[in-house]
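Student: I would like to go through this model by question and answer. Please show it first.
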Amino acid sequence: MTSEPRPLVLILGVDKYVLEACERHDVEAVVAWGAGAHDYGLQLVPDGMTVLRVDQVSSPESVLSALHRAGLGDRRFDAVQTSDEWAMVTAGVLAEHLGARAIDPVTAVRFRDKTLQKQRVREVGIPAARTTVIDDIHDVSGIDALPYERAVLKPIAGAATAMTTVVTSLQQLRDLSDKYRAERTAQRTFALEEFVDGGEEWVADGIVYDGEVMFCALGRYGLPCLSTVDQALPLWLRRFDPDTESWAYELGEPVVRRALKALGLRDGVFHMEFFYDAELGTLTFGECAARRGGALVHEEVQAKFNVHLGEAALLGALGRKPDLDIQIRSGTIGGTYLMGRPGTLFSCPSPAAMRELPGVEYVRVEFAFGGQIAAGVGSTNARIAQVLVSAESEEAMLRRFDELRVWFDERLLIAPSGGPMRELRAWQREIWPDEDYKDQLWR
């Protein structure tokens with residue numbers, strides 16, 4: 001008798017939860033590791049897995065070349081999987097060449113291109129913003145008037161609310177065009193979206209198998225992501241409880257199911273965002289990704305529902321139905337960012353120290369000592385650390401967030417940057433008052 005060969009999966013990017021699931025399910029993983037993620041060094045590939053160093057995991061040429069250099073170009077892969085927003089279409093394209101399972105490339109495009117996405121859900125009767133394509137943000141001379149009284153300008157296939165701005169005048173659009181041209185931005189195709197003033201921004205994270213939603217976890221941001229970035233505030237997100245907040249699921253789940261069916265996702269995980277108008281009791285579609293959400297979405301869902309989104313992503317790629325053991329935990333589960341100040345980070349509290357604080361269940365410190373913290377917030381990825389907190393209610397969770405942020409900030413050691421050396425010397429004297437580093441006379 002011969003044993004069944006281990007499934008072989010090509011994974012674009014490093015998702016530690018997907019790689020954990022590979023080890024648990026005895027799946028052989030070949031991991032394409034992009035240069036940027038490798039240099040960042042936060043998530044690592046477990047020992048024993050085959051690593052392909054590539055310039056970009058979003059480039060079919062880069063990944064396919066690396067496969068052939070490693071002698072793997074003729075291997076029979078069972079699936080191509082990615083949790084990287086930028087590599088979704090690439091996964092589908094490579095899978096077709098390799099004869100492997102993956103998201104269909106056209107379906108992937110619907111989840112990447114915000115204009116195609118909103119058009120698709122509007123066609124099935126789901127409210128969504130109208131959109132207008134700007135082929136080249138570096139040249140808007142052909143636009144004589146804004147198509148909407150108030151609009152949101154964003155890359156047509158972006159992520160993390162980066163380069164996203166509310167635009168209220170033609171002159172503002174022209175100024176942004178001049179700015180992006182001067183900066184020689186790589187992203188050139190943008191969308192102008194009708195501004196949706198929908199109140200709360202909700203999220204839905206879940207699992208699809210064979211075209212049907214198996215699991216859906218709803219929640220909400222503290223403020224809409226765009227407001228969080230504009231106001232340079234720490235993002236926070238918490239999960240709705242299906243028992244005590246069943247009304248939210250009764251309202252949200254039908255919209256989620258209709259939108260995913262319209263977009264054509266067959267297997268895998270998703271992260272959807274929409275806007276809730278409390279006065280009207282309605283939801284307006286925002287956007288959706290065919291991957292798990294960022295921030296601490298995986299940890300929140302696992303803590304609240306005992307569902308492992310990394311495992312579901314891997315099994316979905318292989319065409320296997322996840323065996324879910326959903327256990328709803330009482331109370332409130334949420335995550336928040338811990339921010340810093342502009343300058344050079346010398347030190348911050350350790351994860352172990354933070355886990356000693358009330359309600360703190362998980363900590364991820366993402367900024368390394370010696371790194372330069374820029375002024376302002378350019379996207380929803382701006383933070384030093386993230387924490388997962390449990391509490392008996394949202395009010396109690398928010399109090400813990402506030403207390404934690406104050407506690408964290410008091411223990412940050414950040415040197416100012418951008419000024420003269422005199423200012424650094426003054427900071428040094430303040431931090432180490434007992435150490436004398438001033439220039440001395442010879443004695």
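Student: Which residue just after α11 takes a positive phi?
Tutor: This is a predicted model, where local features need pLDDT of at least 70, side-chain atom pairs count only at pLDDT 80 or more, and totals for chains, interfaces and linings use all residues. Residues are numbered from 1 along each chain as its sequence is written, and side-chain values use heavy atoms, leaving out hydrogens and water. Helices (H or I, at least four residues) and strands (E, at least two) are DSSP runs, numbered from the N terminus. Just after α11, phi is positive, about 80°, at Gly319.

Student: What do the buried residues of α11 pack against?
Tutor: Contact means heavy atoms within 4.5 Å. Glu311 is among the buried residues of α11. The partners of the buried residues are β1, α1, β4, β9 (200-209), β12 (268-277) and α10 (297-305).

Student: Which residue caps the N-terminal end of α1?
Tutor: In α1, Tyr17, Val18, Leu19, Ala21 and Cys22 are buried. A side-chain oxygen lies 3.0 Å from the backbone nitrogen of Tyr17. The cap that supplies this oxygen is Asp15.

Student: At what angle does α1 run to β1?
Tutor: Axes are lines fitted to C-alpha atoms, for helices over the stretch in contact, and angles run from 0 to 180 degrees between N-to-C directions. Helix α1 (residues 16-24) lies across β1, β2 and β4. Its angle to β1 is about 170°.

Student: What is the strand order of the open sheet of four strands?
Tutor: Two strands pair if DSSP finds at least two bridges between them. β1 (residues 8-12) and β2 (residues 28-34) pair in the parallel sense over five bridges. Leu10 stands opposite Val30 in β2. The order is β3-β2-β1-β4.

Notes:
Buried means under 20% relative accessible area, exposed over 50%, partly exposed in between (1.4 Å probe, protein chains only). A polar contact is a pair of N or O atoms within 3.5 Å; within protein, one must be able to donate a hydrogen and the other to accept it, and residues adjacent in sequence count only if both atoms are side-chain atoms.
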